[in-house]
Amino acid sequence: MNQPILNHESLVSGELFSDPRIAQAKKLLSETLDDYSRKINAVRPPNPALVSQYKSALDRLAIARGGAPYFPYLTSGLGNGPFVELGDGSIKLDFIVGIGVHGMGHSHPLMLDATIDAGLEDTVMQGNLQHNSGSLAMCERLIGLANQQGAKLDHCLLSTSGAMANENSLKIAFHNRFPASRVICLDNCFAGRSLALAQLTDRPAYRAGLPKTLDVDFIPMFHPADPEGTTQGAIAGLKKLIARHPCQYACLWLELVAGEGGYYPGTKPYFEALCKICHENNILVIFDEVQTFSRLSQPFAFQHFELDAYADIVTLGKITQVCATLYGDSLKPKGPVLSQTFTGATASIRCGLAVLDELESKKCFGPNGWNMQRHQYFQGKLESLAQKYPGKICGPYGEGMMIAFTPGNGGADEAKDMLMRLYDLGLMGFLAGSNPNRIRFLPPPAVTTNEHIDLACSIIEKAITG
Ligand SMILES: Cc1ncc(COP(=O)(O)O)c(C=O)c1O
């Protein structure tokens, strides 16, 4: 799959990519990587001889970036599946992978292969004036995946961050619904950190000190404790807003599983009711799949929830290594969009394609695909822990390869303490939500096995009892 689209004998590049020396060099590099990577296969504490050198590197990192990173985490550059070696010699079980980015885990041979191909291409970056065949392959691949259940997303703009993909989605919505300028979001949502997206993100701290850039109104998110009440509350809230500001809403922006907000999935009836009202009122629907893409029973969460008919604009990122905004033919942008100088790195695009191949070949998707099987397995293990240690952990929550639990009473300090205990014991997760604060996991979907989940749960048990 990683061969260039224009691999024709009459092109010099075709000759280059089929030169047997490249295959030989790749084989040698891949075997060498495997010799060392395979040693990273279990959680391990730091090597005392490396601790002071590691601390000084972290101190320098804190000075260079103007603040310490959240975890004392600096990799040695080597890993194996969900295991990663840090510069202090410790090995962590990485179940957060850069908040959902490294879907093939660490040091995956297919990522090496794709990166070598990218290194042989003529430029490091691709952009609006400089598309290589990888950009075309990625756009066509994403469009094909998005439309496989009937959505009509004809076009794809690549960009280098989820925030840029979302900014482009808003531009497309405003261009096409001018002069409507308001946005509707769900309570507790997260859209990114740009000046515009800080208005969508339902966290006052993200807006503090920033000028107001957009008019955004919020409606209640779905809550499993009160499905009917929250659904009816959201419908009533939406109708009230539309009546209060007639013709002023360009779009409804939705995360189908609230990610940063605490791993709250909605339901098909809840989303369908809201999307239907929006379409009846000429309001576009944007699905933000930056965190959900590839983690549920289908590549896109809107496919998992069977909302294909409502997908006007869709954004994705993280695991695809390059981000994208997909939209229908009737919604072409009417002005410039973001991420033009750089649409993505050649290696990111080729690696993203390798990730998509691997998710498919590992049969991650389908109602009983590997994503849902592992969710059930992880869920069962966390439920057993919740029963064994009442009051210590609650849950689990989430969907597919997005799973979380609430430690104790869900207080912020308690969650942070638990997160750091897990880290010290060798398991990496991250916080999500507030009231309650949860600990979430985004295990790398292409490589996580039930044995890795067993190990994660044994570490959680140690953290509870320790
Ligand atoms: C749902 C969602 N949207 C947007 C973003 C922003 O993506 P980025 O950090 O790549 O700008 C994130 C990042 O966590 C996200 O989870």
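The area buried between domain 1 and domain 2 in this predicted model comes to about 1600 Å². Carbon and sulfur atoms give 60% of that area.

Let me place the two parts along the chain. Domain 1 covers residues 119-361, and domain 2 covers residues 370-465. Their C-alpha centres are 27 Å apart. In terms of contacts, 18 residues of domain 1 meet 20 residues of domain 2.

How many salt bridges does the rule find across the interface of domain 1 and domain 2? The rule finds one. As for a named pair, the side chains of E260 and R440 form a salt bridge, with an N to O distance of 2.8 Å.

Which elements supply at least two residues each to the side of domain 1 that touches domain 2? They are the strand β10, at 264-265, and the helix α13, at 346-361. By class, that side of domain 1 has eight polar, seven nonpolar and three charged residues.

To close, I return to the pair E260 and R440, whose side chains meet at 2.8 Å, and to the area of about 1600 Å² buried between the two domains.

Technical notes. Residues numbered from 1 in each chain as written. Predicted model: local features only at pLDDT ≥ 70, side-chain atom pairs only at ≥ 80, totals over all residues. Heavy atoms only, no water. Domains from an automatic or database assignment. Contact = heavy atoms within 4.5 Å. Buried area = accessible area lost by both parts, 1.4 Å probe. Salt bridge = Lys/Arg side-chain N within 4 Å of Asp/Glu carboxyl O. Helix = DSSP H or I, 4+ residues; strand = E, 2+ residues; numbered from the N terminus. Nonpolar A, V, L, I, M, F, W, Y, C, P; charged D, E, K, R; others polar.
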